[in-house]
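These are my notebook entries on one structure. I set down what I looked up, entry by entry.

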Amino acid sequence: MPSSPRYWGTDDGEGNVTAADPEIRVELRSDTKTRPSPGMRAAMAAAEVGDEQAGEDPNVRALCERVADLLGKESALFLPSGTMCNAIAVAVMCRPGDEIVADVRSHLFNTEAAGAAALAGAQIRTVDGDRGRFTAGDLLSALRGRKRNAPRSRLVAVEQTVNRGGGAIWPLDRLQDVASCAHVNGLFVHMDGARLLNAVVASGIAAKDFAAPCDAIWLDLSKGLGCPVGAVLAGSRDFVEEAWRWKHRLGGAMRQAGILAAAGLYALDHNVERLAEDHANAKRLARALRAIGGLKLDAAEPETNIVFFDVAGTSLDAAAFSARLRERGVAIGAETATRLRAVTHLDVDASAIDAAASAIGWVAGAGNSNQEERP
Ligand SMILES: *Cc1c(COP(=O)(O)O)cnc(C)c1O
């Protein structure tokens, strides 16, 4: 029987959207769930605005200058999302047939709907680093050489911090090694710095120092910084000029975007140092979970604000575990069949962490006792 016509892929992705659930008491699915605070909303409401794409919005200009300065780059560009930063950086630096080296866990490779391939015609060659942090040796072994029949190695992409690496921080010397290996071999270096400022606060290393080895770098405003929308991509003046063309091409050029940029400026003033609280809360959660039978955590302490835990030692799979937690008002997403990911952020305090830990303990215990009751 012929089926009715469908757009390509309309059967995919239907499970992605979940309605807002008023019953959630502790939201740990992501630091993207943060909502603009009253102070941030006041800054947004008071923002002077202009036509962003004509360069006339004072808050967007101020935000771009501020981030370029923070990262030690010549210029910066305000964009609606981190995904668009990655897409544009790749499109500026790669041509069809080029190859990008990135960790197998990377957001670029896994969760951008294949933007590098679809928009830039570039393919990704993955390496498997230590929680996402690979070495210059790993990069060297992924390079193609000059064979005519091989893809052209063009770009290496690193993620700071590594989301699926449990918020692991690229050590500065490792990053410098990988970047100089890339540059010697004619590759660009791109940093997906969605959580760069988490790395900065946790390590005490300046954002400029992490940015120096990178040709392009961006940071997200809508994660732990608590803004509703926005990311800023930085690099050389030439790079940003080319990036502007892609911003227009993709429909990312905006109008009175100063309302959003004002939130970004507010976040840079008020929400950076406090990321340390999120990191302390991630450690607090990890400590509590280590004491719960059936759960397995990474050996290392969480370095920033992300905690993965494995529930294979309980009788529940991750989806069922997540659903049971949700019934108890705690939202934590299943990442794989057995792993859940909890992310701390500015809307979760230590007492909420303790409430989440006790719900997790209850679900793990209930799961185990169900198992025992089975005939
Ligand atoms: C969230 C995230 C992105 C994408 O950012 P959006 O602003 O959600 O588009 C890219 N990379 C990493 C590592 C992320 O965590």
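**Entry 1: T34.** I began with the surroundings of T34, which touches S222, K223, G226, H345, L346 and D347, leaving out residues up to four places away in sequence; contact here means heavy atoms within 4.5 Å. I placed T34 in the loop between β1 (26–27) and α1, where helices (H or I, at least four residues) and strands (E, at least two) are DSSP runs numbered from the N terminus. T34 is buried, its relative accessible area being 6%; buried means under 20% relative accessible area, exposed over 50%, and partly exposed in between (1.4 Å probe, protein chains only). I also noted that the T34 side chain reaches the backbone oxygen of K223 at 3.4 Å. I count as a polar contact a pair of N or O atoms within 3.5 Å; within protein, one must be able to donate a hydrogen and the other to accept it, and residues adjacent in sequence count only if both atoms are side-chain atoms.

**Entry 2: basis of the values.** The model is predicted, and local features need pLDDT of at least 70, side-chain atom pairs count only at pLDDT 80 or more, and totals for chains, interfaces and linings use all residues. Residues are numbered from 1 along each chain as its sequence is written, and side-chain values use heavy atoms, with hydrogens and water left out.

**Entry 3: the ligand.** Which residues come nearest to the ligand? Of the 13 residues around the ligand, I found these to be G82, T83, D192, D220 and K223; a residue is near if one of its heavy atoms lies within 4 Å. I then looked up the polar side chains. An N or O atom in the side chain of T83 is 2.7 Å from an oxygen atom of the ligand, and the side chain of D220 likewise places an N or O atom 2.7 Å from a ligand oxygen. For D192, a polar side-chain atom lies 2.5 Å from a nitrogen atom of the ligand. The ligand taken alone exposes 380 Å², of which the protein buries 87% (Shrake-Rupley method, 1.4 Å probe; for residues, only the protein chains shown count as cover). At least two shell residues come from each of α3 (82–93) and β7 (216–220).

**Entry 4: helix α7.** I recorded α7 (residues 172–184) as having 13 residues and spanning 18 Å from first to last C-alpha, close to the 18 Å expected at 1.5 Å a residue; the expected span is 1.5 Å times one less than the number of residues. Its buried residues are L172, L175, V178, A179, C181 and A182. They pack against α6 (136–142), β5 (152–159), β6 (188–193) and α9 (207–211). After α7 comes G186, with a positive phi near 80 degrees.

**Entry 5: M191.** Is M191 buried or exposed? M191, in strand β6, is buried at 0% relative accessibility. Leaving aside neighbours within four places in sequence, its contacts include L175, F210 and W218. I also noted 6.3 Å between the C-alpha atoms of M191 and A216, 25 residues apart along the chain.

Entry 6: I located R341 in strand β13 (residues 339–343) and found it buried at 9% relative accessible area. A polar atom of the R341 side chain lies 3.1 Å from the backbone oxygen of R29. A45, in helix α1 (residues 38–45), is exposed at 70% relative accessibility.
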